[in-house]
Amino acid sequence: MTAPETIINLVEKFQRNEYIYKDSTQYDEENTKIEFINPFFEALGWDVTNKKQKAPQYKDVEFENTLRGGGGATTAPDYAFKIGREIKFFVEAKKPSVNLETDKDPAYQVRRYGWSAGLKLSILTDFETLAIYETTSKPDKNHNPKIARIAFYHYTEYIDKWDEIAHLFSKTSVLQGTFDNYVENHQEIQKGTSDVDDEFLKLIEQWREKLAKNIALRNTTLTIDDLNYAVQIIIDRVIFLRISEDRGIERYGTLQKILDKPDIYNNFCEICKRADKEYNSGLFHFTEEETNDITVDTYTLDLTIDDKIFKEIIKNLYYPNSPYEFSVLPLEILGQVYERFLGKTIRLTKGHHAKVEEKPEVKKVGGVYYTPTHVTKYIVKHTLGEAIKNKTPNEISKIKVLDPSCGSGSFLLQAYNYLLKYHLDYYSNLTRPPKNVIYTYKGNTYLTINEKKRILINNIYGVDIDPLAVEVTKLSLLLKVLEDQNKDQLEQQRTLIPERTLPNLKNNIKCGNSLISTDVYEKEYKTIDEPNMAHPFDYAKEFPSNGEFDIIIGNPPYVRQQSIKDMKPYLKDKYELYVGRADKYVYFFEKSLKLLKDNGYLGYICSDKYTKTDYGKKLRNKLSSKTTILRYNQCENVFNANVNTAIIILRKKEPKNNKIYINSNYYLNQKELTSSQWAIDSEKALLLKNKLLEEGIPIKKIKSIFINQGIKSGHNKSFILTNETRKKLITEDFRNKNIIKPLLKGKDVKQYHITNNGLYLLYIPWNFQINEYSSIKNYLKQFETELKNRAEVKLKKYEWYCLHRYASGYKEDFQKDKIIFGEIVQEPHFYYDEDNYYTDATTFILTSTSYNLKYLTAILNSNVLFWFMKKISGGFGINGVRYKKIDIMELPLPQNTYNKTLEKKVCVIQKLYKDLDCANNPNTQKDLQQRITILEEQINRIVYELYNLTDDEIRIIEDDLS
């Protein structure tokens, strides 16, 4: 691409008068922008000065935050280049007298902007030079300006290298995806990644720990709840005030000034008192304004906190110590940070010392995983977006949006943001918009703060069982109210409508247990004081419109049934979808459908197990027969957690032969969904599943194959022996050898091999005369005594027979050649056993009177059948499955019932695994593993051929499994 004439002229112009442009006394930054930088980017196709008269919110370029004010000492980026509303990159401008190649400050500044905003690239230029920085790594004021700089151009290179520059930063390239592809594939950018949310989380976690320890030390009468609230609300207030400074609401440096005064926390409290009068927010609420106002903060202003602690917090929030530029920090990032922050809690030791630790419920599920912004946007667009389409603001004011488990408020913030954009677009397109809803400032149009408050109070509602999460949701929403405002504008608006700046959200965002109503008190539930039963909540009493909502959105908690056993008596009485094994989100579906108005929209992202498991049958039936399902999207690894998730969008109305939009690429008729398993998958995957069923024969139709679960021993641990106990019993009476069998558990069974756990099973036949075997009798009695002494399960007289009862129907199967496999696995774990192992209930055994079991072991271990099982089973984690007999019986075996090559390869591979277990030399181990890997690949190729799969079909399987 040849450089346009504009660029050639600009280069020549700068060259002719370079000595003047580089003289700081004669030429400033503003002139540099107008004469050189603006035309430079116009040559790249950007409408820098909005000559096309686009609506303000859709302009190509947004100049330095025009609403900053209130005495701000820092600045926002000079230019934000956008596609629609999305910012793609920042440009920071300097005057030519600044040396961009060697000066640290400009580089630090542009990296702060880009990193805080979550951008990948940004530009620093004075026209004389142009530097491109990756802004994914955390900036440091001491960094050499070369760090994170991925390209540097002198103005004399612009003409020759114009193709390079335009290929990345021209508007056409950005629209065509070249910019995004470059970011995705550029190694330096990916290597430098240090997400702002991760770093900010580390920062506020440090604050929490230091504040908790200091407050507990200096304020010894505080309870655990008071301490947790105090630490949380102080952090919230600091963040609110500091963000307000950078956004021009508060005077810049307000917090910084108190660092030089004695008793810093007391001075901070004075700022908070002023904020109470200014904002009318629950965040600052120290004076009772109505009778019995329980939201008043009665004690945090009286706390004692050491100056050292507070000084460290505030000092590191200002330039140059702080890498954060709060004027551009997206509020969505704040929600993501807080979601994980709330996964920990403070506890007090007996000595009143504070310790921060993970919440028990979070520990069980392996951490907190926030909902990504693209998911919240998708759900809001297809629920709220559909509900308000073509409606007037007056009609929208009656629509109520609820998140019944709002956490840090990510869904509600997205819904509120959607409403704000809709209203701004609506009013901007009117010839004569109503008074006091929008205003224009320096050429841009904004909603007034009173209109933003009205929308928030009318439309947004949330509930969470965690009182601290409730406060965080309020904080995020209140900061959104203040977005695009500054102190001057707020004061001007208040002259028109005299009231305090922010709304009090105590009637919109509430603490409560969405699943438990106050009817819990009608019957005496023994576990009412358990955490899961806390904060009973009545929607009809707490919210207007009898607690009914037009839109319900969210990410309901996935808590396995073992973790909610204290709730089960109540859930069984009150929920029609109750199943003892059901996950918690099932009950959120039922509750939400009750709260949802007729024709209302529901949008959830949650575990997809309900589409396949037995416990999901009632829910599947209700959704497929009583609602109109609009969209269903499977989400691969959205939360980086051990769970498969899916988005479901539906309306509360009877289905009428409607089609469901599946995975954003094809439709499925809802009548095909029944209470049995939902076959929801990509169109290609569905076709492949059907082909496998056509090419194969389901195991359930093969009468010569038998599958049974391993032996269930219940609480009878006496039947499982260590090798030491086995030797002792055999020494005492050699006859005992006949009733002691080698035992495998599910975790011991691998693909083509097993690990020796050293355990044995005491297997007692029905006709076993216990009195003739004194050693066994004494052993069992001794075990019974131990149980009694430990106040555990009592061993009843002759209880050993229960073990035999479970296995009596297939005891001979354990003494045959068989295939053993585990119940819950992350990859296929089928082992051909000819050593007469017995197995416990975490395994299955497969025997056959006609099939070659070695051949069958290869088929079952193949990619084909593991992929098929993943598609039909309830799943277990991202890559794993749970083998249940009902699902195993559906597996389609090839029409060809034998393949000699596969039999031989299984013999070889199992022998290699045994050799590997005995090998000590690393080189030998490596050689054996390589041979095993090659054999596994060969087996998969043969199995693909048995099912007549094409290359494209093989790719579907391997891509899914990878």
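## Charge tour: salt bridges and a positive patch

Select Glu 29: this residue is partly exposed, with a relative accessible area of 25%. Partly exposed lies between buried, under 20% relative accessible area, and exposed, over 50% (1.4 Å probe, protein chains only). The model is predicted, so local features need pLDDT of at least 70 and side-chain atom pairs count only at pLDDT 80 or more, while totals for chains, interfaces and linings use all residues. Residues are numbered from 1 along each chain as its sequence is written, and side-chain values use heavy atoms, with hydrogens and water left out.

**Stop 1: Lys 33**

A salt bridge joins Lys 33 to Glu 29, with the closest N and O atoms 3.7 Å apart. The term means a side-chain nitrogen of Lys or Arg within 4 Å of a carboxyl oxygen of Asp or Glu. Lys 33 and Glu 29 sit four residues apart in helix α3, so about one helical turn separates them. Helices here are DSSP runs (H or I, at least four residues), numbered from the N terminus. Lys 33 is buried, at 10% relative accessible area.

**Stop 2: Lys 13 and Glu 35**

Select this pair next. Their side chains meet in a salt bridge, 2.9 Å from N to O. The pair links distant parts of the chain: Lys 13 lies in helix α1 (residues 5–16) and Glu 35 in helix α3 (residues 29–42), 22 residues apart. Are these two residues buried, partly exposed or exposed? Lys 13 is partly exposed at 25% relative accessibility. Glu 35 is partly exposed at 26%.

**Stop 3: Arg 955 and Asp 952**

Jump to helix α35 (residues 951–961), where Arg 955 and Asp 952 are three residues apart, so about one helical turn separates them. Their side chains form a salt bridge of 2.7 Å, N to O. Salt bridges that share partners also build a network, made of Glu 29, Glu 30, Lys 33 and Asp 78. Arg 955 is partly exposed, with a relative accessible area of 44%. How many salt bridges does a search of the whole structure find? It finds 51.

**Stop 4: the positive patch**

Finish with Arg 251, Lys 257, Lys 261 and Arg 274, which form a positive surface patch. Patch residues have over 30% relative accessible area and no salt bridge, and like charges are joined within 9 Å. Now centre on Lys 261. It lies in the loop between α11 (254–257) and α12 (264–279). Lys 261 is partly exposed, at 42% relative accessible area.

Conventions
Patch = residues over 30% accessible without salt bridge, like charges linked within 9 Å, V, L, I, M, F, W, Y side chains within 5 Å. Areas by Shrake-Rupley, 256 points an atom, 1.4 Å probe, with all protein chains shown as cover. Lys, Arg positive; Asp, Glu negative; His and termini not counted. Charge placed at Lys NZ, Arg CZ, Asp CG, Glu CD. Helix = DSSP H or I, 4+ residues; strand = E, 2+ residues; numbered from the N terminus.
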